[in-house]
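Dear colleague,

Please find the structure below, followed by a short account of what was found in it.

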Amino acid sequence: MRAYDIIAKKRNGDKLSKEEIYFFINGYTKGNIPDYQASALCMAIYFQGLDAEETAHLTMAMVESGDQIDLSAISGVKADKHSTGGVGDTTTIVLGPWAAAAGAPMAKMSGRGLGHTGGTLDKLEAIPGFEIEIGSDRFVQSVNDIGVAVVGQTGNLVPADKMLYALRDVTATVESMPLIASSIMSKKIASGADAIVLDVKAGDGAFMKTVDDAFALARSLVSIGEMVGRKTVAVITGMDQPLGYAIGNTLEVEEAIAALKGEGPEDLHQLCVVLGGHILHLSGITESAAAGEKRMLEVLESGQALEKLKQMINNQHGDSSIIEQPNKLPHAKHEKVVVAQTAGFVARIEAEKTGIAAMIMGAGRETKDDTIDYGAGIVLHKKAGDAVQIGDQLATLYSDREETMQQAEAMLLSAYHMSDQLVDVPPLIYGIVTAQEEKRF
């Protein structure tokens with residue numbers, strides 16, 4: 001078997017066998033197949049595609065290229081939630097303890113932010129003392145003891161994906177549906193989950209800019225999950241404006257606490273209820289997603305969800321007193337109010353520009369080596385559908401880097417689009433894809 005023949009076969013539009021896919025991925029990971037041949041195969045896949053079976057084989061070849069997390073010592077059905085990325089996406093910090101309080105074991109591996117999208121690990125590290133590297137044994141023990149842990153990915157989890165993604169990034173082959181799907185699902189499967197709930201974003205601040213593309217990705221993700229024996233559901237959600245009101249690490253932790261007190265933004269609350277309903281259903285705790293949503297609301301009302309967050313913070317050596325004393329979180333030295341230049345109604349807020357504005361002030365990373373300013377970020381005061389007069393406060397900027405705030409202000413103002421008339425607010429949830437059906441709302 002030769003890499004050349006596999007490249008030529010896919011270039012010609014023929015179907016690759018499981019053996020051919022495994023041969024190529026194993027060879028590339030071990031250094032026996034050079035970058036230029038891997039680039040050629042990625043380009044062939046970009047133009048010719050992969051069918052569902054090929055995509056599943058590629059996913060599992062990537063899974064088996066490195067470590068796989070064994071969660072079998074955790075009792076119950078282990079559920080995981082994955083978001084395809086957005087701005088102000090505080091969901092994991094809210095949903096993890098909330099679903100755990102409702103009875104679902106939440107063994108969550110998360111990543112860091114890069115570019116305009118935030119990372120859950122950076123947000124959690126804004127909490128003084130919080131440890132995201134706790135070792136696999138303690139990770140499993142934590143979930144058995146309190147029901148939830150959120151940690152960083154191991155260094156050797158899916159090395160084939162890291163290598164291929166770096167290559168795709170410089171060879172114009174990132175935007176390939178089977179390559180995107182296998183990249184996402186390989187990490188979820190290697191992380192050991194039995195059931196996977198996917199939050200597939202659509203819109204300006206998402207990787208998938210259109211709803212149709214988001215549904216196509218959702219179908220591919222669910223197909224992979226089901227083919228390799230994981231119960232999988234995808235919820236297609238809007239990212240045409242930031243989720244919630246806070247963008248930035250400390251600011252989003254504060255918003256997560258408010259959400260678990262029942263005082264958070266309506267869109268963040270609604271999304272966590274829907275995702276949590278599916279988690280409880282796939283975990284076998286409730287008979288349906290609708291019953292799961294009801295259970296989620298009961299747990300929030302009782303205060304158990306907030307208490308579970310406190311337990312998670314304590315368990316990972318963080319200072320849980322920040323729940324009642326948020327002044328203990330790192331806060332920025334400077335703040336600047338951004339005011340409206342025109343009157344009307346907010347039609348939409350470009351999520352990507354908003355994320356970039358926060359990144360400019362230090363809330364995110366432009367490169368992997370950049371240092372995070374945990375207190376930096378933006379709190380929005382007006383969102384789509386709100387009426388605005390000239391001089392009204394649109395948002396407040398926070399940063400230690402005062403010299404960046406003027407540039408961030410200009411970027412944020414350009415993200416706000418105004419209308420003379422009230423416009424329909426972009427939907428939060430566009431639909432759901434399961435192995436059995438696809439629903440559009």
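Leaving aside its neighbours within four places in sequence, Thr396 is in contact (heavy atoms within 4.5 Å) with Glu335, Lys336, Val337, Gly377, Ile378, Val379 and His381. The model is a predicted one, in which local features need pLDDT of at least 70, side-chain atom pairs count only at pLDDT 80 or more, and totals for chains, interfaces and linings use all residues. Residues are numbered from 1 along each chain as its sequence is written, and side-chain values use heavy atoms, with hydrogens and water left out.

Thr396 lies in strand β11, residues 393-399; helices (H or I, at least four residues) and strands (E, at least two) are DSSP runs numbered from the N terminus. Thr396 counts as buried because its relative accessibility is 5%; buried means under 20% relative accessible area, exposed over 50%, and partly exposed in between, with a 1.4 Å probe and protein chains only.

Strand β11 also takes part in covering the buried residues of helix α16, as do β7 (334-339), β8 (344-349), α15 (351-360), β9 (377-380) and β12 (416-419), among others. In α16 (residues 405-415), the buried residues are Met405, Ala408, Glu409, Leu412 and Ala415. They lie on the same side of α16, because they cover an arc of only 120° around the axis, taken from the directions from the helix axis to the C-beta atoms. Exposed Gln406 and Gln407 are carried on the face turned away from that buried side.

Elsewhere, His269 belongs to helix α12 (residues 266-282) and, at 22% relative accessibility, counts as partly exposed. Beyond four places in sequence, His269 is in contact with Trp98, Leu297 and Leu300.

Yours sincerely
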